[in-house]
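Visitor: Please show me the structure, and then let us go through it by question and answer.

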Amino acid sequence: MKVAVVVFPGSNCDRDMFHVLTDVFNFETQYFWHQDKLPNNIDAVILPGGFSYGDRLRAGVIAANSPIISSVKKLANSGTPILGVCNGFQILVESELLPGVLLKNTSLNFMCEWTNLIVNNNNTPFTNKLKVGQKIPIPIANGEGRYFADKKLLSELKNNNQIVFSYQNRVNGSTEQIAGICNKDGNVVGMMPHPERAAEAIINPVDYKPSSLIFESLLKTLGVKN
Amino acid sequence: MPEFNVTAIIENKPGISDPEGETILNDLVLKSKNSSVKKIRSGKILRFTIVGSDIKSVEKKVEKICDELRIFNPLVSKITISANKC
């Protein structure tokens, strides 16, 4: 059971993610530099948050052309669970592993605050221990987090049950308050909020349990007893 | 071969909100008594210096680069490309 955390120039949540995966949930975790290839024995891939390439041109678009992305695509196509958080979500969208686009927040501000997510789809490798409708207190920290889907894409997302998380309240102008989506097969998930900053009691002032279920879902997916 | 300047303007498609343009309009231009201004759209300009045989071929080349590397996101943005000789 090996989880890859991909590091791009400008990633800054890779260590937090590594810590949660190894120290809290006992995953065997390894960093991979963006210029590397991923070996075939990887069981899950996490693209962490940060500011790859300083968000130049558009958040995630330059990292989406990194050599490692072809390995990520290969694993994604074979059904391996892939999670992109924040900048990782932006990279998944810009590499076309997930549909849609993440635009600047309506306020044009970098937003760093606690939000509440609502689970819409608990049929993914990262949500199978959560309940549909369950609330997750979790922080966001982004400037380009406004998910946009046009009418056609939105109806596709709804028909295929691809909306995984939505914000309980209007936060940043996202289409239908979407905070996270998955691909049609459900194995590739992207979310703007940061579960690695919310899955321990010491750093979550509200309730760490729902965020920890995101990681416990992956343990369940990979057949590890917790 | 001669050198050309190719300008690529990336802006949001009509109907896609542009909070930056709206802020410039509402909080700067209209507050300065310029009531004749009805709309402002913000965007990004990239200027390529590129060698090629003629204007059409360098415009096509830049268009191809912008498409292939997703220099603009076709879901929300449009691109306008124009070239002139250096």
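Visitor: Is L108(A) buried or exposed?

Guide: This is a predicted model, in which local features need pLDDT of at least 70, side-chain atom pairs count only at pLDDT 80 or more, and totals for chains, interfaces and linings use all residues. Residues are numbered from 1 along each chain as its sequence is written, and chains are lettered from A and ligands numbered from 1 in the order in which they are written. A residue is buried if 20 or more other C-beta atoms, placed from the backbone, lie within 10 Å of its own, exposed if 12 or fewer, and partly exposed in between. Because L108(A) has 11 C-beta neighbours inside 10 Å, its class is exposed.

Visitor: What is the phi of L108(A)?

Guide: L108(A) sits in the loop between β5 (101–103) and β6 of chain A, where strands (E, at least two residues) and helices (H or I, at least four) are DSSP runs numbered from the N terminus. L108(A) is not a glycine, yet its phi is positive, at about 65 degrees.

Visitor: Which residues touch the most other members of the largest nonpolar core?

Guide: A nonpolar core is a set of buried Ala, Val, Leu, Ile, Met, Phe, Trp, Tyr and Cys residues joined through C-beta atoms within 7 Å. The largest such core has 71 residues, and those touching the most other members are V45(A) and I46(A).

Visitor: What is the radius of gyration of chain A?

Guide: The radius is taken over C-alpha atoms, and the globule rule is 2.2 Å times the number of residues to the power 0.38. For 226 residues a compact globule would come near 17 Å, which agrees with the value for chain A, 16 Å.

Visitor: How many residues does chain B give to the contact?

Guide: Chain A supplies 13 residues to the contact. The contribution of chain B is nine residues.

Technical notes: Two residues are in contact if their C-beta atoms, placed from the backbone, lie within 7 Å.
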